[in-house]
Amino acid sequence: MLFRSPSTRRLYALKWNLFVDWCSSRREDPRKCSIGSVLAFLQDGLERRLSPSTLKVYVAAISAHHDLLENKKVSQHDLVIRFLRGARRLNPPRSPLVPSWDLAVVLTALQRPPFEPLRSVDIKFLSMKTALLTALASVKRVGDLQAFSVDEACLEFGPANSHVILRPRPGYVPKVPTTPFKDQVVNLQALPLEEADPALALLCPVRALRAYVDMTQCFRTSDQLFVCYGGERKGSALSKQRLSHWIVDTIALAYQQQGRPCPLGVRAHSTRSVASSWALAHGASLADICRAAGWATPNTFARFYNLRVEPVSDYVLAPTGGR
């Protein structure tokens, strides 16, 4: 059986329990009920406007516990496959076409107080800036970011902080277990000092990580990279939920510092689509982007993450031919 991450097991358990309750109300055995009962349950979900992706999770959870039907798993049954295909046609996924927030606005704010000067800012703002820059530069999920460690086997800075190598803690299982372990290793290069715009060096993720590791060394009680910066849990490992809040709060504060209202619905996971779309628009190869993000094929990027980040009008109307 394919090993599943703890978060996936919890999700499957929740969906399975809901199916068990549904079967119990109809006096049916959830492990031995007919394919017709499974389809009736899925149809109820479809009529409640559950998305095709949610229905697919239900199918996976049921398939993990249900007896074989006609020598097939529930997820492999022809009628279930046809049902899910029809659900997708009725309610196709609608991925966003444009970013929910402006990367340029946020990066501008990160070069100013309260995020700079980096070595003298409050640990709160250093933590927030480091988390966001690491998320953007690595194109990793929040769960992957949380798995990074300061253990000497997992964190390695290059000579003169020219780069940093980040590895997940031993035993970490990514959300997609089939992702090769080597793709979970992140090698971030330091941003070069640009004479034309020296402020760009203030956005270097290696510089931020170096400062963050140094500043937290005196109070950390966990070898997890990101730790709580205050309160009773100061120095202890940071949860995925709090790390997500750091990223969203940083984006919101960046807008606030420039007198702009923060867009609604900003999520930490949006850093993957924003960063990968900007990288593609600025010349990165699709293969390199997929490798960094851990996507097996470009289809995932194309369907769910590719955003229009630079309108054609920017090049048509700008006197210099673009930003």
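Guide: Let's start here: the axes of helix α3 (residues 52–65) and helix α4 (residues 78–90) come within 9 Å and cross at roughly 160°. Axes are lines fitted to C-alpha atoms, for helices over the stretch in contact, and angles run from 0 to 180 degrees between N-to-C directions. Helices (H or I, at least four residues) and strands (E, at least two) are DSSP runs, numbered from the N terminus. This is a predicted model, in which local features need pLDDT of at least 70 and side-chain atom pairs count only at pLDDT 80 or more, while totals for chains, interfaces and linings use all residues. Residues are numbered from 1 along each chain as its sequence is written, and side-chain values use heavy atoms, with hydrogens and water left out.

Visitor: Is α3 roughly parallel or roughly antiparallel to α4?

Guide: Angles under 35 degrees count as roughly parallel, over 145 as roughly antiparallel, 65 to 115 as roughly perpendicular and the rest as oblique. The two axes cross at roughly 160°. That makes the arrangement of α3 and α4 roughly antiparallel.

Visitor: How many residues of the contact of α3 with α4 are nonpolar, and how many are charged?

Guide: Contact means heavy atoms within 4.5 Å. From α3 come P52, L55, K56 and V59, and from α4 come V80, F83, L84, A87 and R88. For sorting them, Ala, Val, Leu, Ile, Met, Phe, Trp, Tyr, Cys and Pro count as nonpolar, Asp, Glu, Lys and Arg as charged, and the others, Gly among them, as polar. The contact has no polar residues, and its division is 7 nonpolar and 2 charged.

Visitor: Is the aromatic pair of Y212 and F226 stacked, edge-to-face or tilted?

Guide: Rings of Phe, Tyr and Trp (its six-membered ring) pair if their centres lie within 6.5 Å; planes under 30 degrees apart count as stacked, over 60 as edge-to-face and the rest as tilted. By this rule there are 9 aromatic pairs. For Y212 and F226, the centres are 5.6 Å apart and the planes are at 45°, so the pair is tilted.

Visitor: How many residues apart in sequence are the parts that Y212 and F226 tie together?

Guide: Both Y212 and F226 are buried (under 20% relative accessible area, whereas exposed is over 50% and partly exposed in between, with a 1.4 Å probe and protein chains only). Y212 lies in helix α8 (residues 205–216) and F226 in the loop between α8 and α9 (240–257), so the pair ties together parts whose separation in sequence is 14 residues.

Visitor: What is the relative accessible area of L166?

Guide: L166 belongs to strand β2 (residues 163–166). Leaving aside neighbours within four places in sequence, its contacts include F148, L155, V186 and L209. L166 is buried, with a relative accessible area of 0%.

Visitor: Where is R49, and is R49 buried or exposed?

Guide: R49 has a positive phi near 65°. Its place is in the loop between α2 (35–47) and α3. With a relative accessible area of 76%, R49 is exposed.
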